Structure formats: structure tokens, C-alpha cells
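Hi everyone, thanks for coming. Today I'd like to walk you through one structure, step by step, so please have a look at it with me.

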Amino acid sequence: MPLVTRTAFVHRLATSAPDDVSALEAALGDGSIDARGIVAILGKTEGNGNVNDFTRAFAVRALKDALRPHLSPSEVEAVSYVMSGGTEGAMSPHLVVFGRGEAAAAGSSPALAVGGAHTPDMAFEDLGRLGQVRLVAEGVRAAMRDAGIDDPADVHFVQIKCPLLTAERIAAVDARGGSVAVRDTLKSMGLSRGASALGVALALGEIEPAAMTDAVIGRDPSLWSSRASTSAGVELMNHEIVVMGMSAKWSGPLAIDHAVMADGIDIEPVRAALRRLGLSADGQLSAAERPALVALLAKAEAPSTGRLRGLRHTMLDDSDISSTRHARAFVAGSLGSLVGHAGIYVSGGAEHQGPDGGGPVAVIVDRRLVPSFPASGGPQS
């Protein structure tokens, strides 16, 4: 009997509106996606990405409705739904479906491994504080176990959807005699993203526990994770966590690598990651190579200094448009020029996710479509 291992699948599906699940329904209907194997669905929706961006919840509702004919109620809720609002510039709204199945271990190994976990609902006294950091760290460890990844060094990206504060949630904390880290609901998004990112750093051993205090969250940009991507939303009370890495326990054509952009123009680390995966030998994806790029996931943030490579920027001074919206469009343009399309997942607000003004990036490729990939499909690192 041939050895059976887990294998991952990733599908990028275009959408025409936040509730457009027609491509997903078609893939479920023709069997190209097995609903029972879905671990997570990431999405870019065309809202404002702020506290009142209900396109995220709208999309989640539509996705759950699409899965209900195929899964039990508990299985539907077990999927992680990470909707990131805001497709400014030319970023194309889309979904990225992550899942797994079983296959004979005849393909390439190590290969992409995917795991998911949901934390318990969070007490909102903990948002932006060490309680959230520790809760997320335990959730990341659970997602690693789900993926069968033992060594944190094998993790290349951790995608998290985290909650935020609303006036109602703040009032509930007040009523029970508690306190919140911040009363500005928009600022609570940044604190939640930052604490979640530090939770990733703690779980992966990127930052020593002794360096973590309430005082550093959202304030000390020298503390950051190279593999965290966090997105805050009003549509949940807990954290939905997706871990992606490479594992010898998995086989198949998909592989992942990561990079860290120092700023919104810094595409060279991403180019290097593409090269490590066998693409972009001449510095940019050719038309023939583009189908091999299954997904590109990135974080974006306006530099807090008000300057980008010595020149003044106005992203932080614009009272009409949030800086996160500017940054998403800017980084999507930079990366789109490298990979040749705008169907990429760029999430704004990179507190403790990469250096100030920069952010982590993950690249997932289908090695069968990489020109340099051996036709025999032998083991690849």
C-alpha cells in the first residue's frame, strides 16, 4: 500500500461583489473544491476596511450559506473566514480558498501545510493588552498542531482575523467595572492587530516573553513578527487563525515562502522569494510564469515618520481617507508591477507586522507550473 499523506489545495476565485459566491458554488458543484477539506477562506472585499465595513460580515454570511448544503453546522463554523476590507486602487476583489485532503505520497515533499484554529471569545478588557497576546499565541500553537507543523521555523505565514471595540462592547466593559485599552473604536483596530501580531511572534519564538508588556503594544515598532498578518473586524468576538508552512509530512505541488518588505516600495525581498520558488529568474514574472503564482498575501502600512525614503508623504495627514487605505493601494501597485496582475491580497495596518512602514509577504506557487520544476515531480525543498 502506498504511503498516504496530507496535501493542500489553494484556489483564487474572482468576485463581482462582497456576497458573490458563484465561483465557489461552481467549484463545489463540479467537485474541483471538496467542501469537507476547506480550512479557511480569505477574501478581499470592496468596503472601507474600517470599523463600519460591513462588507466583511456580508461576505462571511454569503460564504457560510454557500457551504451549508455541503457541511454540517459545526463544520461550517469550523472554517476560518478572514475577510479583509478595502480594494483601493486596482486591487481586484477575490477569495482565496485554503484546504487539504489526502494523497499518495508520490508528489513533492516537503509541501505546503495548512492548519486552522479558533480562539475562545475574548474579554474586551484584554484587547490590545497581554491577555490578547497570550490568547493568540495559544491559538497559533493550536493551528500549528492542526497543520502538523512542529518546528516554528517551518511556519511561513500566520493569517489572523481579530475583533475590535465598538461603543456597545466598551459600554459592556464599563458596566462590569472593567477598563479598555482605548476608547476610540478606530484606534482599537490597530491595537487588536498589533497584539495579535505579537501573539504570533510569541508563539514562533521571534520575541522573548520578557519583552512583552502592555506598554509596548502599539507603541514600540522595534518589536515585530516577520510572519504575522492580522486583520481586525467587527464581525467576530474571537480570533480565527490560519497557519501556513512547509512540512515533510505533506506532499503535493504547492509550496510557500515569505519575505519582509522594509517599506511600500521594497519589492526586492519578494522577488527573492519568487526566485527561491523557481520563478522570476529575470526579475519579473513572465506571462508564462504567472499561472504558477497561486496566491500573494501582503501587509501594508504608512511609515509613521511621515517620510518614505527621505521624501514626505501625506498618508497620515489625510483627514478624508484612512492611511490604511492609501497604504493598501500603494503596496498593491508595487507588488502588481512585479507579478503582472492585481489579484493579490493586501491588508492594511501592519502594527508589529514587519518593520515600521513595511510588512510581511507570503508567496504560494504551484510547482507543476514552474518551468524549472522537474517533470518527474521528485522531492523539492
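Residues are numbered from 1 along each chain as its sequence is written, and side-chain values use heavy atoms, with hydrogens and water left out.

So, confidence. pLDDT is the predictor's confidence in each residue, on a scale from 0 to 100. For this chain the mean pLDDT is 94, and 96% of the residues reach 70 or more. Please be careful with residues 375–381, though: pLDDT stays under 50 there, and the model has 14 contacts beyond four places in sequence for that stretch. A contact, by the way, means heavy atoms within 4.5 Å. Where pLDDT is low, the predicted coordinates should not be read in detail.

Now the sheet. When I say helix or strand, I mean DSSP runs numbered from the N terminus, with helices (H or I) of at least four residues and strands (E) of at least two. Two strands pair if DSSP finds at least two bridges between them. In general, strands of a sheet pair through backbone hydrogen bonds, either parallel or antiparallel.

In what order do the four strands of the open sheet come? The order is E1-E4-E2-E3, and the pairing is mixed. Strand E1 (4–14) and strand E3 (80–85) are at the edges with a single partner strand each, so one side of each has no neighbour in the sheet. From one strand to the next, the twist averages 15°.

Let's zoom in on one pair. Strand E2, residues 38–45, pairs with E3 in the parallel sense over six bridges. If you look at Lys 44, you'll find it opposite Ser 84 in E3.

Is Leu 95 buried or exposed? Leu 95 is buried, with a relative accessible area of 6%. The cut-offs are these: buried is under 20% relative accessible area, exposed is over 50%, and partly exposed is in between, using a 1.4 Å probe and protein chains only. Leaving aside neighbours within four places in sequence, Leu 95 has contacts that include His 11, Ile 41, Leu 63 and Met 83.

Thr 87 sits in the loop between E3 and strand E4 (94–104), and at 13% relative accessibility it counts as buried. Not counting residues up to four places away in sequence, Thr 87 touches Lys 44, Thr 45, Glu 46, Gly 47 and Pro 93.

On to the helices. Angles run from 0 to 180 degrees between N-to-C directions, and the axes are lines fitted to C-alpha atoms, for helices over the stretch in contact. Angles under 35 degrees count as roughly parallel, over 145 as roughly antiparallel, 65 to 115 as roughly perpendicular, and the rest as oblique.

Helix H1 (residues 22–30) packs against helix H2 (residues 55–67) at about 15°, with the axes 10 Å apart. That makes H1 roughly parallel to H2. Here Leu 24, Glu 25 and Leu 28 of H1 meet Leu 63, Ala 66 and Leu 67 of H2.

Compare helix H4 (residues 130–147) and helix H6 (residues 185–203): their angle is about 50° and their axes are 7 Å apart. H4 and H6 are therefore oblique to each other. Among the residues making the contact are Val 136 and Val 140 of H4, and Ala 195 and Gly 199 of H6.

Finally, some backbone details. Ser 109 and Pro 110 are joined by a cis peptide bond, with omega about 5°, and Pro 110 is in the loop between E4 and strand E5 (111–118).

Two residues have a positive phi without being glycine. Arg 309, with phi near 55°, is exposed at 54% relative accessible area. His 352, with phi about 65°, is buried at 7%.

Key: This is a predicted model: local features need pLDDT of at least 70, side-chain atom pairs count only at pLDDT 80 or more; totals for chains, interfaces and linings use all residues.
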